Amino acid sequence: MDTSSLKNSCDNTFYEDLFRTVAPTLRNFLCFKFKDVDSAGDMVQEAFLTLWKNCEKVLPDMAKAYLYRVAQNQMLKLVDKDKVRQKHIHFVSRTTHNENPQFQMEFTEFDNRVQHAINQLSEGQREVFLLNRIEKKTYAEIAEMLDVSVKAVEKRMHKALLKIREVHKNI
């Protein structure tokens, strides 16, 4: 297809042809790189949706590269989220077996309260809280990872801490 006459990627025929030719290879690329077949298919769909939303800004000759970049960034965000969840699960599930039964019981009770409070947070608040407090990421690093402003990260963390205090008081 000659794309030189198109000013952007909003042409339906161009978009459909692009989907037919690029989607299978993009999915295979993501599967190979991240070893997650289900998420790869989802990320391809999300990438094409993002292209459609931004089609006026994307030149047709750059559409394929744009799709690969968007899909790869989305998959990296998903991998980072999973890493945070896994580290958090490992962090919370660690207990010291050398302590007395009273300490273990109190620790388990405290752990349950912490889990309950964290589970009450919105997804965005929980993500920022865990990245900052467990992963020890700075607000700037978190903002870059989540593709939001530092102010947005600060606001999410502030709301998360308020919510945790509120839940802790009510337990």
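Buried residues, meaning those under 20% relative accessible area with a 1.4 Å probe and protein chains only, make up 32% of the 171 residues in this protein. The model is a predicted one, in which local features need pLDDT of at least 70 and side-chain atom pairs count only at pLDDT 80 or more, while totals for chains, interfaces and linings use all residues. Residues are numbered from 1 along each chain as its sequence is written, and side-chain values use heavy atoms, with hydrogens and water left out.

Then select α3 (63-93), α5 (123-133) and α6 (139-146), each of which supplies at least two residues to the lining of the largest cavity. A cavity here is a set of points on a 1 Å grid over the protein atoms alone where a 1.4 Å probe fits but cannot get out, and its lining residues have an atom within 4 Å of a point. The whole structure holds 1 cavity of 30 Å³ or more, and the space in the largest cavity is about 50 Å³, a volume being the space filled by probe spheres set on points joined across faces, edges and corners.

The largest contribution comes from α3, with 4 residues. By class, the lining divides into 4 nonpolar, no polar and 4 charged residues.

Methods:
On a 1 Å grid over the protein atoms alone, a cavity is a set of points where a 1.4 Å probe fits but cannot get out, and a pocket is an open set with protein on both sides within 12 Å along at least five of seven lines; lining residues have an atom within 4 Å of a point. Ala, Val, Leu, Ile, Met, Phe, Trp, Tyr, Cys and Pro count as nonpolar, Asp, Glu, Lys and Arg as charged, and the others, Gly among them, as polar. Buried means under 20% relative accessible area, exposed over 50%, partly exposed in between (1.4 Å probe, protein chains only).
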